[in-house]
Amino acid sequence: MSPTQGTPEKSNPVAPDGLAAHLPVVIAADANEVMREQLDYLIEHAQGGPCGCPQCLRYQRARSVLLEVFG
Ligand SMILES: [Zn+2]
């Protein structure tokens with residue numbers, strides 16, 4: 001047993017500031033797959049430059065939320 005092994009709660013992706021409060025308490029692995037696909041899709045779309053469509057806005061929102069961790 002490794003002492004660095006954390007509790008399952010540590011991998012909870014819900015942000016502490018309540019940003020994800022509207023999400024279900026339990027995020028299934030399926031939902032993670034969907035998020036990856038959505039991110040892939042949005043990133044691919046935004047690579048051509050922002051065109052101002054709903055996908056671009058979603059990309060910018062997702063980006064700011066995800067990069068918040070490193071801010
Ligand atoms: Zn767009």
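This report covers the helices of a predicted model and the contact between them.

## Overall content

The protein has 2 helices and 0 strands. Of its 71 residues, 1% count as buried.

## Helix α1

Helix α1 covers residues 29-46, which is 18 residues. At 1.5 Å a residue, α1 should span 26 Å, and the distance between its end C-alpha atoms is 26 Å, so the two values agree.

The number of buried residues in α1 is 0, and therefore the helix lies largely in the open. Burial here requires 20 or more other C-beta atoms within 10 Å of a residue's own.

## Packing of α1 and α2

Helix α2 is formed by residues 54-67. The axes of α1 and α2 are 9 Å apart, and the packing angle is about 115 degrees. That angle makes α1 roughly perpendicular to α2. The crossing of the two helices is left-handed.

On the α1 side, the contact involves Leu39, Leu42, Ile43, His45 and Ala46. These meet Gln55, Cys56, Arg58, Tyr59 and Ala62 of α2. By class, the contact has 7 nonpolar, 2 polar and 1 charged residues. An α-helix has 3.6 residues a turn, so residues three or four places apart point the same way.

Definitions and conventions: Residues numbered from 1 in each chain as written. Predicted model: local features only at pLDDT ≥ 70, side-chain atom pairs only at ≥ 80, totals over all residues. Helix = DSSP H or I, 4+ residues; strand = E, 2+ residues; numbered from the N terminus. Expected span 1.5 Å × (residues − 1). Buried ≥ 20, exposed ≤ 12 C-beta atoms within 10 Å, placed from the backbone. Axes fitted to C-alpha atoms, helices over the stretch in contact; angles between N-to-C directions. Parallel < 35°, antiparallel > 145°, perpendicular 65-115°, else oblique. Left-handed = near helix turned anticlockwise from the far one by under 90°. Contact = placed C-beta atoms within 7 Å. Nonpolar A, V, L, I, M, F, W, Y, C, P; charged D, E, K, R; others polar.
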